[in-house]
Amino acid sequence: MNITEVRRNDRLVVAPVGRLDSGTAPLLDRHLSAVIQRGDTRLVLDLTGVDYISSTGLSVFLSAAKKIKPVPGGSLALAGLNSRIRLVFEMSGFLRLFPVFASVDEAVA
């Protein structure tokens, strides 16, 4: 899994690429934890490049949200979910937990 970051307006866009499963979820979890720890708490996760997500992958988003929630002004939004990834979020009930946008442009607007 590759993970890139780019700053857009007052948000940090984090873009993982590849499969998000039990083998790669710890990498994304460590990356997001480091981002949050350094003070970047207005995040957009660009999931355009994610082609598979497991329950272990979903737990990474929940963990990051829990770390951001108590921070004043902190937010975590999702963008660019393809139909398969969106279905996983929907079936797990996670769509109710996060603001979801069709694109990064919409998320940072």
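Which side-chain oxygen reaches to the backbone nitrogen of arginine 84 at the start of helix 3? The oxygen belongs to asparagine 82, and it comes to within 2.9 Å of that nitrogen at the start of the helix, which covers residues 83-92. A polar contact here is a pair of N or O atoms within 3.5 Å; within protein, one must be able to donate a hydrogen and the other to accept it, and residues adjacent in sequence count only if both atoms are side-chain atoms.

## Basis of the model

This is a predicted model, in which local features need pLDDT of at least 70, side-chain atom pairs count only at pLDDT 80 or more, and totals for chains, interfaces and linings use all residues. Residues are numbered from 1 along each chain as its sequence is written, and side-chain values use heavy atoms, with hydrogens and water left out.

## Overall fold

The protein has four helices and six strands. Their order along the sequence is β-β-α-β-β-α-β-α-β-α. Helices (H or I, at least four residues) and strands (E, at least two) are DSSP runs, numbered from the N terminus. After helix 3 comes glycine 93, which has a positive phi near 85°.

The C-alpha trace spans about 30 × 25 × 25 Å along its principal axes.

## Surface and contacts

Of the 109 residues, 41% count as buried. Buried means under 20% relative accessible area, exposed over 50%, and partly exposed in between (1.4 Å probe, protein chains only). The protein exposes about 5700 Å², and carbon and sulfur atoms supply 54% of this area. Accessible areas come from the Shrake-Rupley method with a 1.4 Å probe; for residues, only the protein chains shown count as cover.

Among contacts between residues at least 6 apart in sequence, 67% join residues at least 24 apart. Contact means heavy atoms within 4.5 Å.

## Aromatic rings

A search of the whole structure finds three aromatic pairs. In one of them, phenylalanine 89 and phenylalanine 94 have ring centres 6.3 Å apart and planes at 70°, so the pair is edge-to-face. The rings of phenylalanine 94 and phenylalanine 98 also have a centre distance of 6.3 Å, but their planes are at 40°, so this pair is tilted. Rings of Phe, Tyr and Trp (its six-membered ring) pair if their centres lie within 6.5 Å; planes under 30 degrees apart count as stacked, over 60 as edge-to-face and the rest as tilted.

Phe61, Phe89, Phe94 and Phe98 form one aromatic cluster. Phenylalanine 89 has 0% relative accessibility and counts as buried. Phenylalanine 94 is buried at 13%, and phenylalanine 98 is buried as well.

## Around aspartate 21

Aspartate 21 lies in the loop between strand 2 and helix 1 (25-37). With a relative accessible area of 18%, aspartate 21 is buried. Its side chain reaches the backbone nitrogen of glycine 23 at 3.0 Å. Leaving out residues up to four places away in sequence, aspartate 21 touches Pro26, Tyr52, Ser54 and Thr56.

Two of these partners have further details. Tyrosine 52 has the charged end of arginine 19 over its ring, 4.1 Å from the ring centre. A charge sits over a ring if NZ of Lys or CZ of Arg is within 6 Å of the ring centre and within 35 degrees of the ring normal. Serine 54 is in the loop between strand 4 (50-53) and helix 2 (55-68), and counts as buried at 13% relative accessibility. Beyond four places in sequence, serine 54 is in contact with Leu20, Asp21 and Ser22.

Proline 16 lies in strand 2 (residues 11-20) and counts as buried at 1% relative accessibility. Its contacts beyond four places in sequence include Met1, Leu28, Asp46 and Val50.

Aspartate 29 is in helix 1 and counts as partly exposed at 25% relative accessibility. Not counting residues up to four places away, aspartate 29 touches Val60, Ser63 and Lys67. Its C-alpha atom is separated by 8.9 Å from that of serine 59, 30 residues apart along the chain.
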